[in-house]
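Here is a short briefing on how parts of one chain pack together. Take a look at the model before reading on.

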Amino acid sequence: MLQYLALAAILFAIGIFGVLTRRNAVGILMSLELMFNAANINLVAFNKYIGAAGLTGQIFAIFVVVIAAAEAVVGLAIVLLLYRNWQGIDVDQMNIMKW
Amino acid sequence: MNILSYIIFFPILGFLAILFMPKARPNAVRWTAAFFSFVPMILSFYLTYDYYINYSSSSAMAFVEGPFNWISAINVHYFLGADGISVPMIFLTGLLSFISIIYASFIFFLLLETGMMGVFSALDFFLFYVFWEVMLVPMYFLIGIWGGPRKEYAAIKFFLYTLFGSIFMLVSILILYFTSEPHTLNMIELIQTAPALTHSLQLFCFVFFFIAFAIKVPVWPFHTWLPDAHVEAPTAVSVILAGVLLKMGTYGMLRVSWPMFPQAVRYFSIPIAILGLVGIIYGALVSMAQTDLKKLVAYSSVSHMGYCLLALGAFSSVTAMTGCMFQMVSHGLITGALFLMVGMLYDRAHTREIAAFGGLGVKIPVFTGLMVLFSMASLGLPGMSGFVSEFMVFIGSFGSFKLITIFAVIGVVLTAGYILRMVQRMFLGEFNLAKWGGLTEINLREILTLVPLAILTIFIGVYPSPLSNMMKATLENIVNLMAR
Amino acid sequence: MEAESSQLVFYLLSFIIVIAAICVVTLKNIFHSALFLILVLFGVAGIYILLNAEFLAAVQVLIYVGAVSVLIIFAIMLTSHLTSRKIKQSNEQVTLAVFICAGFLLASLASIANTVWRITDRPMPEHNTLTIGKLLMNDYVLPFEIVSVVLLAALIGAIVLARKEGT
Amino acid sequence: MTGSNLRILIPEVFLFLSALFIFAYDLGIKRKNPRQIGYIALAGIAITGILLIFFHGGILYHGMFSSDSLSVFFKIIFLGSAFMAIGASFEIASEKIRNHRGEYYGLILLSTVGMMFLSSANELLTLYVGLELTTIPLYVLVAYYKDDKLSVEAGLKYLIVGAFSSAILLYGLSLLYGMTGSTYLVGIKINLSVIFLTYGKIGPGLILAMVMIIAGIGFKLALVPFHMWAPDVYQGAPTPITGFLSVGSKAAGVIAFSRIFVNGLIAFSTDVMKPLDWGIIVAILASAAMIIGNITALRQRNIKRMLAYSSIAQIGYVMVGMVAASTMGVAAVGYYMFIYLFANMGAFTIATIFNDKTGSDDIVNYAGLSKSSPFFAACMTIFLLSLAGIPPLGGFVAKYLVFAAGIQAGYTWLVILALLTAVVSLYYYANIIKMMYFSPETPAQPIKPSLLARLILLIAVAGIIFWGVFPGTILNFATETAKVFAF
Amino acid sequence: MLENTYLIPFYPLLAFVAILFFTRWKERLSSYISIGMVLIALVHSLFVLAAMLSRHGLPMEKAIPFITHPSLHLELGMYIDPLTAVMLMIVTIVSSCVQIYSIGYMHGDPRYSRYFSYLSLFTFSMLGLVIANNFFMLFIFWELVGLTSYLLIGFWFEKKSAADAGKKAFITTRIGDLGFIIGILILAAYAGTLNYQQVFEKVASGVLAPGIITLAGIFIFCGAVGKSAQFPLHVWLPDAMEGPTPVSALIHAATMVAAGVYLVARAMSLFVGSAEASTAIAVIGVITSLMAATIALVQNDIKRILAYSTVSQLGYMIMALGLYGADTALGHHSPGFVAGTFHLMTHAFFKALLFLGAGSVIHAVHTNDIQDMGGLSKKMKITATTFFIASLSIAGIFPLSGFWSKDEIVATTAGHPVFMFLALTIAFMTAFYMFRLCFLAFTGKPRVQEKYDHAHESPNTMTWPLMFLAFLSIGAGWVGLPWLSHGFSSFVYHEQIHHSEPSYILMLASTVVALSGIGLAYMIYYKQRFSADALAEKFKPLHTLLYNKYYIDEFYNIVIIQPLLKFTDFLWWFDAHIIDGLVNFVGWLIIKWADIKQWFDQYIVDGAVNGMGYACMAGARLFRYLQNGSLQFYTLIVIGSAVGLIIYRVTSRGFIYYLLGASIMVLIRSIIRTSGMEKASTETNVQD
């Protein structure tokens, strides 16, 4: 089981890296998907090895997939707004408010 | 009979009433404010009289109300009562509040009065703390709105400084609450149980309470808010500030710290007395350097309240404690009057620079006479209250601290020094006709505000035993509690 | 034997997922990143199958590929004039990010390795798709309903935001 | 299976239906009267509140949804904050939100539905889904001024950081599930102790899980250091939404936190289980929140940013009650949030109105407000003083309770720190009061808020004063909620 | 009448109140009320004296409680014994004379009524002081006396010198009172009471340790030092001459300054318990006396001469009392007590007369400088005559009153050769400077003609008191004639009657000394055999020293007052800057922290992201536009701190590494950014 967890951790870390470094808003959203997937791997792995009696983990994962999609939808809508307002989606530009 | 509750909450009614009054009629506001502080004053007089006649023989709380459940979840009760140390303070508060409102009818005074009266009669720690803090806000507004050129600085400094002090009190209150079994905030019960705390915890709580009270007093070196607040505050506010608010610190010590932490007081008695001594000398010396009359009076408060602390250091002497109480009352009367007079002068001359005046005795003899009277009272002239209190402080504390008291006596000379120097530079000497020719003598209203203070000052100085008897039983009880 | 082969498959899939994920977060061309993301998602679906979650794998492929195709469209649409240029796609905190990610990885791997896991040897039930369906309609009907509201909210929100106003 | 108990879902369902009705109504009736929809939303909230009185108590789906006193208490807070946010929105609805007014109100209601579900959730999945339902409409609402760069930027920041935190939270939740094999908090609690009793240890995975969950919920709470988004988002978002974020959304975080930690992980609240305890972590974060929040607020010139930092600090105080993990602590947290609802929503309502009338969020522009609009200034003063914790206002009792709980739990250092920072906080609160009252300037024209806004302000003021002086009712209720947790 | 002695102080008090509140606007009436009341007091005092005589000096005491405490009982009361009765007489007589005299002297003064109210208040205080039965009450009136003397000295407060003098008097005496209070505190602490008789009983019974008695005695004596203008606190008295002359007569000759002597006499039972304290008193007394006498030799201001003379005479009395205490403590007999008190009485009369006479002169010529006078005896017969009588009396010429009392003092020194020598020296000098004054002022040619022309005899209200006092100056001493059954000493005594046998040798010696002093003055200033100026020139350093009063004022100014004022200024600075500064600094620090944080955000955080060199760059704005990924920085913080917390809880050492690593990263980042600036900027250009 640990190998799955390790995979999830690595994937999660890569996702974090993406969120931290991607300048492109869509890129950040993609990285977020990686993180959600990593968590899902965890859930499903646990479901198999620990919570075998039920399917809670898998069901959890299904919900996560749906929610991730919902967030992606809203996220893309906001990205669209960004594009309208800034003519670009480089998040480095989104720094009017600071300090 | 809920006389204490009436005294406390009547002013609030006035505040609310005035809030809903049309602003266009200042006279109506003035009369309403006067009325709503007049009634508590009369009640406080009655209370004092009643206490003196009927209750002063025992140390038990009189006029007790409660304890009624207030916030049952945290054992907070509505619990009021008055004894020999609170009754004189209530009297003083009632009198000075009315005088201040007569002098300048700021409606925030009514809120302030509620807070002050509440502090002096609360017997539940929560209630005590609430009233303690409640005063800050109206005071903040009073200084901030109507104050002098640096009012904003002074107001926030006062607010932050005293709040800073009181948070330590809150921590201690909570510790006391949780260490008592069963948990209680009842001061009377805590006085019985608190000395059973471990030594270190007692010291801890004591120090925390002390910081809170010391800032209010103000004890050197926590005094720096005071000159700023006083100088910037409008006259009537200074009166209340000096007359009542400063007394809360020493009142708190007498009511809370001393009976609850006798071991800690014993442990710290010498440092306390030294702080008092430093306050006396330091305050007097710094007063001497002042060029602003109001600042001079303000710093003299530091000096005078030092006597209280010195007396409190001599915890085992009833005489010292009585001296402390006397000093509180007398300082309230005298400094209140002095601030009033400074204000009256300022209203006319628009300056408080001592050097700007000279020889005013020629032009405004009545004012000068009263000023000299209160100055003399301030420097502890026999026949006036200041002398009795200082003398008793000395006698009481000499038993415990010989050397410290001897040094403290030097304060008497220093006080005479700066007071006389002030009187001489302002009222004696050559009169500058060109500059102050238009100065007017004080009017009847102003005289009437001062006369009660003068009469009381002299009365206490000449015939102190009523006041002394009023608080004797209570103070003896405190001293006995201290022996635990 | 079966176990060994599944191990092999796992490592293969893992390798693909990790490499693809790294590509997703580092490639300069956002379009390529998106394609690699699809690869990752397929890989994860494979992992799900390994973990006896066939239904989830199907959901993964259906929804994610749907969602990600939208992402790709967006990516192309919004960055068409950027992708052609060779510009940095990552910002200035890369090294710090690497450090923190490494820290996270180390910490989490160490934690996971030292933690007590109560691994049961009971086998997974077969045909769990049916069970999942039943569960969703019974025990998990409440979150199911909530998630439907989430979707509704997301849709309405997206429409509100995305719509161009009267101009 | 527990069909008879389905009635406890009625308030949530009704609120959801009101939202749907608003969407439909807005489509059908073409916004002749912009206020109409607002009133419908207010009515929906009010009726939901009434329904809540009749339909509560009981559990559904093995405790997945439990309508206990704790949840009811927080639901009242959510509904209150939604009510006040919508009330305040009237001021901006006519000017700034020309289109999609219905969606605006509907999304607020949907978010509130999410909070209500969240507050009842005793199971990780429901909790997570409820949290998402709370958050996703807010992403949209924050960016609702679509042509305003600030608002969009705020939306982006909120979305990215929010989704990021959501993923982190999910990772933590998955670990928690993996360690215990259960998503029910009761199961988690039991299984963890079983593991500990069986194996003699649990392992650092729990730390990983706890920190990840704290980080995830910390986003909702704007708890330092997960607060970085808050000032920007608060500044950019429409002001009523900012208020809603700072109260409703925070309260949602608070209840999620208390459900997971104070209920599920209660065994790990003290250092008995060192290093697996979360108490010290939260205490550190709380102190950081109080310090950073209060100090950074000192020099803010924008009232919304200032209130953002202030609310960052406020959550630090709440967390002091939380780390106490006791009956008193939970009661204190509940009471705190209740008063905070009035004070903070009130302050934001005033900021909304002020911005609407003057177009400015700068504190400098509040100068002399007491002369032109005394009522307005007086209300603001009371809100600020309550936030600062000055008696006899509610904020004082709230702080008192929180600190009492802290002292009781032995966190004396934390309480002293909290008190010290409270003194600091007074400075910036008083700064606004100073502007309003002490400044010699006189603004050109008085600000005349609408009747509804006045009413809301009056209710908030009355609530702060009344429940400050007589905290008994609310406090008893809050103490009652603590019985949900078995301490 | 004896039982009602306590009423005596109240007569003048009544006058004070009446004048202050009711008759202030009617000047004549005010003065009449004042005088009437003091006369009533005088009559009452006479009755008291008579009653006292009739009961052979049996004391009586009466008291009411002031404050009652278990540890301390303070009371207000009266204690009447012969000493009290005599003091009452002295005070009321001198006061009456002075008040009557003042009618003329103060005529036309704008604050005429107030002057009389002050005089009444002073008389009240002085009488209260006299009848007190305990140290506490004594102290109360002691201070009130100080206050009224302040008011009276500074009566012409428009004159800066007068106001200054009043202040100086008050403060200087208060310094003495400091010791007095401490003495009282010691008594209260160790004896537990402040009542005279109870304290004395404890002293006599040996309850109090000798050390305590010495300490208490010396401290109480400090009060007397201040009030009686003894060295080193004598500096206020000469300055106090700025007040109206009758005031000088009343306060600084007859009554207030005598209060110190009275205190020593009153507390004699205490001092006899300690030879050390008594000796100290005697030494102080003689030093004062000698010093003041030498100063008086060269002064030119008529009132100052008299002032120094007063100081000198008071020192004389103090010395006598001190010697008595010392002798009695050692078991010897001594006439010192009687001598001191006797001289107190006679001195009161002739010194009052001298001052009033001086006032008469000043009234006439409007100058204080005796060098500007001369030949006034022709124009002012009564004044001149009475002045001469008083001078003879003070010089100790038989049979004037001064002779008898002075003689007793000299007799007291019999066992102490040094004291005796000094006493005689002082007597010589006294005679010399008094007659120097007389001759310069009243005889010879007028030195300033216009002043002389202007001079005239004073009105009757002024001359009558002069004559009455002259009569007393002559005859008051006769009550103590050794041959008339020792009238005074058998009435006023301490513990036991002690009559000193008249020592004719001593009488002769002192008369010779006095006469030679007069003779020398006669030679120099009347006959002008020697030139005074030449003498002054010859002993110039000494003359300068004396003329400048040993530079004591200057010494105090330089060593005490100026440093003190400097110190207060420093403290004020200290308070405003250091203590307050500390408070403000903390506040400033907190606020600054916000700034620092902002600065941190602006430069460090940005810098970490943007590169430190951003501030140095010319195209900083452009660069900033490109960078500041604040959003991602937020996420960085979120995950970074989460990871930090995890590591912190898992392994504390790892946490340190983590922190270290993170900070190194930030550092490296900044360095890289600084060096890699150009690349970044080119990239910017590409994008644009």
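In which hand, left or right, does helix 10 of chain B cross helix 13 of chain B? The crossing is right-handed. A crossing is right-handed if the near helix is turned clockwise from the far one by less than a right angle, and left-handed if anticlockwise. This is a predicted model, where local features need pLDDT of at least 70, side-chain atom pairs count only at pLDDT 80 or more, and totals for chains, interfaces and linings use all residues. Residues are numbered from 1 along each chain as its sequence is written, and chains are lettered from A and ligands numbered from 1 in the order in which they are written.

**The helix pair**
- The axes of helix 10 (residues 225-232) and helix 13 (residues 293-313) of chain B come within 9 Å and cross at roughly 140 degrees.
- Helices are DSSP runs (H or I, at least four residues).
- Axes are lines fitted to C-alpha atoms over the stretch in contact, and angles run from 0 to 180 degrees between N-to-C directions.

**The two domains**
- Chain B has domain 1 (1-253) and domain 2 (261-479), with bounds from an automatic or database domain assignment.
- Their C-alpha centres lie 22 Å apart.
- 43 residues of domain 1 of chain B are in contact with 45 residues of domain 2 of chain B (C-beta atoms, placed from the backbone, within 7 Å).
- Helix 11 of chain B gives the largest share of domain 1's side, ten residues.

Note on methods: Helix = DSSP H or I, 4+ residues; strand = E, 2+ residues; numbered from the N terminus. Contact = placed C-beta atoms within 7 Å.
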